Amino acid sequence: MITLESIKVFGKSTAGNFSGELPFKSGLQVVSADNAFGKSLSVTTVAWCLGAETVFGLPDNDPSCFPLAVRDEIEFGGKPSAVVSSSCAISLLHKDGRRLKLTRPIKGDCAKITADEIAKDGVVRTSVFSARYRTMQDETGGFQYFFFAWLGWPHQKTVTFKGGESEIYAENLLPLFYIDQDEGWTDIQSLQVSRYGQQQIGEFAVEYLLGGLDATAARVAQLRSAQMTGALKEKARILVDRVVAGLIGHGWRIEMSSFGSITELADRWQAISLKDILKSNFDVDLGKRLSSLRERVEKLRQSLTDAPIDVEDVSAPVTASQRVIELKRRRHRLSEDASTSRSQVEQTEVLLESLEDRLSAAEDLFRLKTIGIGRIDHIECPTCHRDLDPATFALSSQSSESIENHIEALKRDRDLLSRNLVSMKATLSTIHSELEVVSSEFREAERALLNVTSAVGTVREALAQTAAELASAERSIDRVLEISKNIEAWQSEIDAWVREAKGVTFAMTASSDFTSKKRAFADALANYLLAFGHSAVSSDNLAAVSLNEQYTPMLNQKRLRSLGSASDQSRLIAAYTLALAQASVQVDGLHPGLVILDEPLQQNPDPTHRERFLSFLSKELAKKVPFQVVIFTSLRQGEITQLRRGGVSVVTPEGTKFLTLEARQEPSDVPAEDSPTTPQS
Amino acid sequence: MPTESQILSELLAGTSASPYVHPERIAPSTVYDLQYRMFVVAACLRVSGKVEGAFRKISANKLRLLQFVAMRPWLLDVVREWSASRKDRQRSLQSSQSLRRGFLSDGMHDNLIDYLVATGCLFKQKGQIAEPISSVILSDLFDASEKDGLFITETDAIRELDEIVITNDMLEGW
């Protein structure tokens, strides 16, 4: 737990040195000053000194979150002066008595933060850190690395959308205890930085501040597991596509899918043996086919070299010719099948396209009907002024329900057609691959026939025929060997995938300890909502206030944000922020124990909102907060008196401006440290 | 007035049969909806109509073709081919074959035009269909649908058709 002791802004202008300081104490306090006093400048200082300017959507080391008065030109007594240099500082007190003063230039070298560590005995150690560059990674020069250590905050990894790891940074935690005027009130954690690509960072931040490090670890494990599952599924899909397409290329169409969970898929695929599938579904045994081809090659080679040749045998040209005729017939039949199949695919594609168009028309018409444009409620004849019923012209207007039913029917037809198309394309691929093999065999047979018919005499004819058969058999062996090699490669890929899937460790679940922390947060939230006067929450439904998996406030399973009035939004954000700090104290979490609310009253001009907020501040729940709450706002004199009477600490800084010109002194490059604005409490 | 399915259900209920209705199977197509057809006519007039005085006009035959193809954009290629073969009578007859089916029996379009004429939204003028510029029903329907991004396929199809040469000879030679 820390306490913000002071905020200071100082610098040098052409008119002289200027400065402004606001001191704070523990517990609740309201800093009330007129608009344009410089309250927001003070509030911005906190985020800037913590190196968290990215919460404002700015690039690293960009001070444009500050007003021009500290960056460019400042007015004193209506006279403008150029700002030569400016800096700001915050002073923090740790609950164990250590102090830390953080100083960061605004106009100057703003990439550096100077940290003065002040021990309990008063010994000061000054270090200079890089504000943004490797802020969490650099153990010696990174500011956030140092600051987390000073606070006693552990480092916590998160998972990024790209599958990498990222730390939780100060700017990820700040939106839960720092609500700025411009964007902070638009939503819970609206200042959360999303551009680092950390997954579920909002949930991580809540769990971290509640001290649920086991819950954050479980969340990391879950996200990792989800990423791994996604990657495995994608790998399985690609593998299936490749194997199925590859087998279709050889004329075998098998049923293999990547549907189902990783465990189901791993169990299913474990039982897959491509060789067995080919054997059972297509009666293909590549081993046997190879042995038989090798035997045949041996016999042909023998008959070509050693075996006697029957000079009276004239069957060689007939056999070669017969084979050519047979292959030609097969090729013709397959070409016809391919043509029919191609035409079916084309027609189905056109049909599918027309279905898509009809579906789009039906969906648009449904929208048209539900919007209510062009609805003809009453039309009359322009001459006789009698009602014209479209039914007289055999026309009718369909109901939304009827169109919805039609959309459903079209969707069903589309799914059916899509599946048919996939099947037809697979059939076409099978036919094409078979056609390719038959065409190749046909060309070989033609060449063989040419050789046999060119040979003179029965002996040469027989030799030519045997040689052609031998060449063909050898090419078949090469083909079978190539297929076997492919099948073995695919099988080993499937086996490797199964091994990988079986080795995946699944996510841990959050411990019951965190459930109690979450419960404490929800209870505190209910109490704060009631105290703030949220219009949807009453003492009767207090028990129905809960937090969902994303720590979104819910009431009876409905998002609280969507309940109540528009002015309840800022009350919800204030209650959420304070409840988190309260719960963290209760469960010994990691919340810094500091809440800054900038201009909560400007979020709604509604007088009731103002009354309810002031009424909240006077309640014991607010006055006795076990952490520091600093509220920057502008109160009327009567309201200040009323709050002070009720025991609320209201600070009203003197003067009309936070930054004032210091008394003229000898020119110096060192900015003045003294003459703060004295608060009146 | 009971619907056909209700009448059928009642008839079947009188027997030992237990009627089981799949409403999605008997839901009519959107092309039979009055509002849809009105939008298509409005889009044809807006995209292809010519403003003449106080009216926006289009040839009745052209409107008939445009609205038919706008509701069936997959026929655009057929129209394109038909247009390309318009100088060759034999080819023209063959290429318009797949367009004739359904087109010649599209009686709903005639009913719709009669209805819109009866309501004063449209006028028939010597083979032309004219929409008074002051009439708001069709133009509001088109503007509101376009603003909401509805029926983009149909409107695009009409725009594409507008680019294709369609002669009177083609339209009247059915």
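Select A:Glu167 and A:Lys157: their side chains meet in a salt bridge, 3.5 Å from N to O. The pair links distant parts of chain A, 10 residues apart: A:Glu167 in strand β10 (residues 165-167), A:Lys157 in strand β9 (residues 157-159). A salt bridge here is a side-chain nitrogen of Lys or Arg within 4 Å of a carboxyl oxygen of Asp or Glu. Helices (H or I, at least four residues) and strands (E, at least two) are DSSP runs, numbered from the N terminus.

This is a predicted model: local features need pLDDT of at least 70, and side-chain atom pairs count only at pLDDT 80 or more. Residues are numbered from 1 along each chain as its sequence is written, chains are lettered from A, and side-chain values use heavy atoms.

A:Glu167 is buried at 10% relative accessibility; A:Lys157 is partly exposed at 38%. Buried means under 20% relative accessible area, exposed over 50%, partly exposed in between (1.4 Å probe, protein chains only).

Next, select A:Arg219 and A:Glu207. Their side chains form a salt bridge of 2.7 Å, N to O. A:Arg219 sits in helix α5 (residues 213-249) and A:Glu207 in helix α4 (residues 201-209) of chain A. Both residues are buried.

Go on to A:Arg125, whose salt bridge with A:Glu117 has its closest N and O atoms 3.2 Å apart. A:Arg125 is exposed at 53%, whereas A:Glu117 is buried at 17%.

Now move to chain B. Select B:Thr155 in helix α10 (residues 152-163). B:Thr155 is buried, at 6% relative accessibility. Beyond neighbours within four places in sequence, B:Thr155 contacts (heavy atoms within 4.5 Å) B:Phe39, B:Val47 and B:Phe142.
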